[in-house]
Structure formats: C-alpha cells, structure tokens
Amino acid sequence: MTTTPTVLKPAGTAARGLGRTNRRDTWWVAPGIQAVLFTVCATYLFFSGIVWNPLFGTPYLVDGYLSPLFSPLLFPDALPRFISPGLLILWVPLGFRATCYYYRKAYYRFYFADPPGCAVGEPSVHRGYKMETAFPFILQNIHRYFLYLAFIPLTFLWIDAFGAVFGQSGGVRVGLGGVLFFVNVTLLTGYSLSCHSLRHVVGGRLDCFSCTRRQQVRYGLWQRLTDLNRHHMAWAWASLISVTLADLYVRLLALGVIADPAIRL
Amino acid sequence: MANLLMRIFRGSPKEPGTFAEFEVPVEEGMVVLDALHWIQAHAAPDLAVRWNCKAAKCGSCSAEVNGRPSLTCKTRLSDFDLDEPITVEPMRAFPLVRDLVTDVSWNYEINRSIPPFQPPADTPVEEWRWQQEDIERVQEYRKCIECFLCQDVCHVLRNHEVERPFLGPRFLVRAAGLEMHPIDTADRTGYLKDDGGIGLCNITKCCTEVCPEHIKITDNAIIPLKERVADRYYDPIQMFWRRLRGDRSSAPAAAAPAASDGGDRSS
C-alpha cells in the first residue's frame, strides 16, 4: 500500500514582513483588544494566585468566600510561607487555557504574530516553522488531559458557590459575592463543556452515530455540546473575566475596601 | 451614476507587477466581477480574469479585494466606501499566471495524495446504508466549491510554503469528509500527521473567516481531525486501551491505496 508522495506548494507572491498587507479594514483592532484584556487578566491572576499571598499575606478567604484561584484549598497550613496554596491548583486551569483551541488562535495571533491577522505578513523569524509538530507546541495535544483535570476544581467551585449562600451559620445569605460566585462557576462550566476536546471524546470520534443505542446517546450529547461549542470564544472570555472579578471581589472584601451587600434569610 | 476608482494588479511572472487604475461607472447591485468585466469591455481587453458561473458556485473568480481573499462575484461594491479606490489583486499564495489569474494546479496534485474512500470490501455497493445523522457532518464538508480562498489565506501555505508539506484547509476538509464517513474503513491519521502536516495548522481560523460557503472549517473539520490524530499518537490512555483490546490498528496506520481518481468527490 502506498500513497502518492506529498508535493510542496510552489511559491506564491505574498508580501513578506511583519504587518505587510493590502487590507484596509481595521484587522488589528480585535487582536489588539484581546491582547490587552488577556494580558491584564493573566497578569492579575498570576500575581493574585501565586505572588501576593507569600509576599504580603493578603487573605484569600473571608467571611465564607474563598477566592476561586485557591479552590480546593490544599494544605494551607502545611505549606512553607513562600509557597502560595494557589500554586497547587492554578497549573490546571492555566494548562487548560494555554492548550485551549480558542486561546491558541488568539495568542498565536497577538503574541506570536503567526499570523498577526488573516492575509497579513509575518516576521521573518518564522522561517523555520514547525508549529505543533515539534516541542514545545506539540504539547498542545494533551489538551484533553487538562480538560479532565479541570473538572476537579470546577466541582469544588460549585461546592464553594453553594457554601457561600447556604453554608452560613446564620442561615441563607444571598450576597453579591454569592451571586458573583454562581455567575463565575456557571461561566466556567460553560467554558469547560464547550471544549472541542470534550466534544470529540463524547461523540466526535465516532463515525457512526446511529449504529447502536449507546452511540445514539453519545450522538445526542455530541449535539448538545456542539451547540455550546459554537460559542466557545464567548465562554472563554466571559469566564476569564468572571474569575478575575470573583478573585478581586474576595481580595477587596478581605482588605476591607468594600463590604458585601447581602440579604440574610 | 457615480464613478469608482479601481486599482487592478497587472503583471506576469516575466514582468514586474504594477497596479493599473481604472475609473468604472457604478450601478446599483454591481459586484467586483461586474467592474472587472466593465474594464475588460471598455478599457483593458487583455485583462486576465478567471471566472465562470458568476453565482458563487464554481469557485473560479477568487482574488484579493482590498487585501482580503474573496470571490469577486460575491463581493458587492456597495460594501465599500466608493470614495476610496478598491484594490483587486490575484491570490497571493499561488504562483502568478497573469494579472488576476494564478496557477492553482498544486491543489489538484496534493489532493491525489489523500487516501481515497474505502468502503468495506465485503459489502456490495447496493447494500451500502447509513442514516441521515451519520452523514450530516460530512454533508457540510461537501458544500466546498474549491475556490481555494482558504488555501490562499492560510498562513502556512502563504508564508511558509516551501518548507514542509501541508494539505491546507481545503484538503483537510476533504480528508475529514472521508475519515468521518460512516462506512469508510481507511485510517488516515498516520497520513494526516506525516504527509498531511496537520500539526502545522495552528488553528488561527482565517480559513473559516473567508469561506464563501460558511463551512466551519476549523471547528468542524480541522480540530476534529487533530483530535483523532491525538487519539492515535498523543494520548497514552487511548493507546493503552487499544493495546488492551488487542486492536492492531493502535500501531501507526498503514496507508490506504493511493487515489486513482484524484478528485474523488463521490465519497
């Protein structure tokens, strides 16, 4: 059995050089805004989850609200002071988002200019292009493992959200923090369930959807996840912003900058 | 009737290309191809333009309008600010033949390398059966009109073309249609990983953005194929599971026979 040898495409006439294009639209606006938003959120989350606590001892748990960056809270008293408990958790969502098919599109454009935009020239540094066939980007193929792991902190975030409302000694507390926690965990769940890898694992890898009863069930699930997957980009951004805001809210509460408006039932 | 300034690429491989300017009278409902035809009829009869159906179904009139890969027959002049000139140039990812015409024959050559449709050997053709839900995914891929705009905009082909083999979005879509066909028995994951160069795609979704048939190329074809390649080559649990079940195909797949018909679109 043989295949016809793959042929290389002959050279075209595309302009070389970063940003060279005849496009007249504002192709750079969307990646520009995304770059700013992503960098601000990622930098904030890095400092909040890993740096602030060891350096300044800023509390991440206040009045029944645990910052989502530290959930589940692992060995908070056993760890040396220079290690944030967030470090034990954050590598999972970090890996999940770094290998996410949507974020790959976004950061390959705005961080690597590979390409900076559609039909827009790239820097000459990309001439030895191997992308996801070689280290380190070949590791993008383990996205599904980060997906599996991401469901662990996600489960704890649901527990935290319910705990923030129903787990109070004084009864039920409907506070702004609780609402924020529920919105955050809902968006994170939407982001996880709309994942391309999950869609594949649930049913996408099947060739026949109707052959057995089990495959029909998987087809039904695959259809639901496909509906969610159409909005994966929106889930990705909304959940990134919500997790940033939820953490910021807890930090400001802990520092006494704001109070938690709440109704107690 | 307003006049529009159009800047049209003129040139061939033997002479340096330049942009020639033409004033074109604009009528309501005109598309870019109408303007090109007006130029051919009134100002430059030797302007080379490839076109056929003028109904966005043959995929012949692909070009770059204001730098954006587009079908000229589907791009309305009313979408632009007519006080500004409109630039039309050939697809830049392919070698130039002349003016707005490029040599896209490489696409047909690489298509022949895709392992073709392989139905079960023991099932006669009159007994082939499948349900609508099994074939719906594949039907989306079959909407492709082979305009090659996705190939043109793909930065791997456009900017990295001479370095490594790569099928490009159009033929990843075709491979997906074969790979996900309910009665196809060939395994193309090895081919996709090596000769198809699927790892070179970094899913920047430009192909999806320019597809005139609105095929979700990246989400529905390329990413599912990448996941199938990951199943086969990068997922240790999957590999272990296949070995446990005695699945011999857990070894890198043998390639299917080469296509004899190249553009097999009946599969």
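These legends walk you through several views of a predicted model with chains A and B.

In this predicted model, local features need pLDDT of at least 70 and side-chain atom pairs count only at pLDDT 80 or more, while totals for chains, interfaces and linings use all residues. Residues are numbered from 1 along each chain as its sequence is written, chains are lettered from A and ligands numbered from 1 in the order in which they are written, and side-chain values use heavy atoms, with hydrogens and water left out.

**Figure 1. Chain A as a whole.** Let's start with the overall picture. Chain A holds eight helices and four strands. Here helices (H or I, at least four residues) and strands (E, at least two) are DSSP runs, numbered from the N terminus. Along the principal axes, the C-alpha atoms of chain A fill a box of roughly 70 × 50 × 40 Å. Of its 265 residues, 49% count as buried; buried means under 20% relative accessible area, exposed over 50%, and partly exposed in between (1.4 Å probe, protein chains only). Take the contacts (heavy atoms within 4.5 Å) between residues of chain A at least 6 apart in sequence: 71% of them join residues at least 24 apart.

**Figure 2. Surface and charges of chain A.** About 12600 Å² of chain A is accessible surface, and 71% of that belongs to carbon and sulfur atoms. Such areas come from the Shrake-Rupley method with a 1.4 Å probe; for residues, only the protein chains shown count as cover. Chain A has 23 positive and 11 negative charges, and their mean positions are 10 Å apart. Lys and Arg count as positive and Asp and Glu as negative, while His and the chain ends are not counted. Each charge is placed at NZ of Lys, CZ of Arg, CG of Asp or CD of Glu.

**Figure 3. The surroundings of Gly171(A).** Look for Gly171(A) in the loop between helix H4 (143–166) and strand E3 (173–175) of chain A. With a relative accessible area of 26%, Gly171(A) is partly exposed. Leaving aside residues up to four places away in sequence, Gly171(A) touches Val165(A), Phe166(A) and Leu265(A). Arg264(A) is 93 residues from Gly171(A) in sequence, yet their C-alpha atoms are 7.0 Å apart in space.

**Figure 4. Helix H5 of chain A.** H5(A) covers residues 176–193, 18 residues in total, and reaches 26 Å from its first C-alpha to its last, close to the 26 Å expected. That expected span is 1.5 Å times one less than the number of residues. Among the buried residues of H5(A) are Phe181(A), Val185(A), Leu188(A) and Tyr191(A).

**Figure 5. Two cis peptide bonds in chain A.** Most peptide bonds are trans. Here, though, a cis bond joins Asp114(A) and Pro115(A), with omega about 0 degrees. Another cis bond joins Phe135(A) and Pro136(A), with omega about 5 degrees. Pro115(A) sits in the loop between helix H3 (101–110) and H4 of chain A, and Pro136(A) also lies in the loop between H3 and H4.

**Figure 6. Chain B as a whole.** Now for the partner chain. Chain B has ten helices and seven strands, and its C-alpha atoms fill a box of roughly 75 × 40 × 30 Å along the principal axes. Of the 267 residues of chain B, 60% count as buried. The accessible surface of chain B is about 11300 Å², with 50% belonging to carbon and sulfur atoms. Chain B carries 32 positive and 41 negative side chains, and the centres of the two sets lie 4 Å apart.

**Figure 7. Helix H9 of chain B and its kink.** H9(B) runs over residues 217–233, and its end C-alpha atoms are 22 Å apart, which agrees with the 24 Å that 17 residues should span. A kink of about 30 degrees lies at Ile223(B), shortly before the proline Pro224(B). The bend at a residue is the angle between axes fitted to the seven residues ending there and the seven starting there. Because 17 of the 17 residues of H9(B) are buried, this helix is largely enclosed by the rest of the structure.

**Figure 8. Two positive phi angles in chain B.** Most residues other than glycine have a negative phi. Asp99(B), which is not a glycine, has a positive phi of about 50 degrees. Asp99(B) lies in the loop between strand E6 (96–98) and strand E7 (101–102) of chain B and is buried at 2% relative accessibility. Glu146(B) has a positive phi of about 55 degrees. Its place is the loop between helix H3 (132–141) and helix H4 (149–153) of chain B, and Glu146(B) is buried, with a relative accessible area of 13%.
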